[in-house]
Amino acid sequence: MVDKESLGITGTPFRMDIERGKIREFAVATYSSNRNYVEDEFPVVPPTFLTTTLLWQTEGSDPWRKVDLDGKRGLHAEQKYEFFGPPPRAGTRLNCTSRIVDIYTKQGRKGGEMTFAVMTTDFEDEQGNLIARATMTGVETARPTVEES
């Protein structure tokens, strides 16, 4: 069950170094046809590359764990990325902070209440400028989405 007390929790800041090889691996894994991701010396990141931030989080930096969505009733509902200038390039160091910014409920079409939780992650450069923001929304349904065996 979603812990509504997690609203407002901010994780400890963590660092993410944008590496050329990781951009290349991401582009290959996502079947990108953009050769710049593979051939440029300092390529910009693909728009959804910031999802890899989950691999960079350290102990205490991920407030999503506090939301406590039930794994049998939880779903990934939405992911959004906003860039406040050019996307970061290989060689960039980003300082990242994640926070739970909203928890709300809606009535489902098939009956039952759905609880939504929203987490943002801000990506700032070393000068403190906001470069990008990722917004992730998860939902917990009233009934299990996965059949129990």
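Colleague: Which residue in strand 5 is the bridge partner of Phe 123?
Modeller: Strands of a sheet pair through backbone hydrogen bonds, either parallel or antiparallel. In this case Phe 123 has Ala 132 as its bridge partner. This is a predicted model: local features need pLDDT of at least 70, side-chain atom pairs count only at pLDDT 80 or more, and totals for chains, interfaces and linings use all residues. Residues are numbered from 1 along each chain as its sequence is written, and side-chain values use heavy atoms, without hydrogens and water.

Colleague: Over how many bridges do strand 4 and strand 5 pair?
Modeller: Two strands count as paired if DSSP finds at least two bridges between them. Strand 4 (residues 113-124) and strand 5 (residues 130-140) have 10 bridges, in the antiparallel sense.

Colleague: In what order do the five strands stand in the sheet?
Modeller: The order is 1-3-4-5-2, in an open sheet with antiparallel pairing. Strand 1 (14-17) and strand 2 (74-83) each have a single partner strand, so one side of each of these edge strands has no neighbour in the sheet.

Colleague: What share of the 149 residues counts as buried?
Modeller: Buried means under 20% relative accessible area, with a 1.4 Å probe and protein chains only. The share is 36% of the chain's residues. The C-alpha atoms of the chain fill a box of roughly 50 × 35 × 25 Å along the principal axes.

Notes:
Buried means under 20% relative accessible area, exposed over 50%, partly exposed in between (1.4 Å probe, protein chains only). Helices (H or I, at least four residues) and strands (E, at least two) are DSSP runs, numbered from the N terminus.
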